[in-house]
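I opened the notebook today to look up charged side-chain pairs. Here is the model I had on screen.

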Amino acid sequence: VQSSMRIARPNDLELAYTRSMMAFLLFREPPERALMIGLGGGSLAKFFYYRLPGTATEVVEVSPQVVAIARRLFGLPPADERLTVRVCDGAEFVAREGESFGVILVDGYDGDAQVEELSSRAFYQNCARRLDAGGVLVVNLWGSDRRFNEYVQRIEAAYPAGTLCLPAEKPGNVIVIAFRDRPANPRWDELERRAAELAPRY
């Protein structure tokens, strides 16, 4: 299962790994601009749209069929000034010159595995180049992937300011959060306090 929606609460994050991807909010306020690479059913795009109204979100998805399914079956909102969906290659998109983002979220899988073009050294470096000061990269990895350690090492090399790995509540997915700039070094009790503030809000 790569996408899931509860019909009674269509804008909630139903899958545990998508909730874990939002953990970047422990370290920074919602950004003005976000980039998502990989749309799927649009759960994260909808969450940003309805819960982070101050964030303009750009989504890059290589498959027009996926975009059509997200709109028809998963309630993805139509494009407006806060949500843009582009049908193009995510690796090529971040390699271009263009606007920067406060957060880049990468969830790029085909039917079988992580897309190679979205896990290369060059890709992670290009993402770092497209981040604002204080920006973060958030990557969904599959913990049992035989190349998991290799992917993490590539991210660490591109983000020497620091990375962390957060296993999702449901075993399987591991979310990597990589910092363009060294974050403030919050104590564990400060992170818990921040989490307690965020939980009722989101």
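The entries below follow one group of salt bridges.

**Entry 1: the model and the count.** I am working with a predicted model, so I read every distance as a computed value. I asked how many salt bridges the rule gives. The count comes to 18.

**Entry 2: buried or exposed?** I then looked up accessibility for both partners. Glu29 has 47% relative accessibility and is therefore partly exposed. Arg194 has a relative accessible area of 12%, so Arg194 is buried, the cut-off for that being under 20%.

**Entry 3: Glu197 in helix 7.** Which residues does Glu197 pair with? I found a salt bridge to Arg193, where the closest N and O atoms are 3.1 Å apart. Because Glu197 and Arg193 are four residues apart in helix 7, about one helical turn separates them. Glu197 also meets Arg194 in a salt bridge, at 3.9 Å from N to O; that value falls within the 4 Å cut-off. Glu197 and Arg194 are three residues apart in helix 7, again about one turn. At 35% relative accessibility, Glu197 is partly exposed.

**Entry 4: putting it together.** Through shared partners, the salt bridges join Glu29, Arg193, Arg194 and Glu197 into one network.

Conventions. Residues numbered from 1 in each chain as written. Predicted model: local features only at pLDDT ≥ 70, side-chain atom pairs only at ≥ 80, totals over all residues. Heavy atoms only, no water. Salt bridge = Lys/Arg side-chain N within 4 Å of Asp/Glu carboxyl O. Buried < 20%, exposed > 50% of the residue type's maximum accessible area, 1.4 Å probe, protein only. Helix = DSSP H or I, 4+ residues; strand = E, 2+ residues; numbered from the N terminus.
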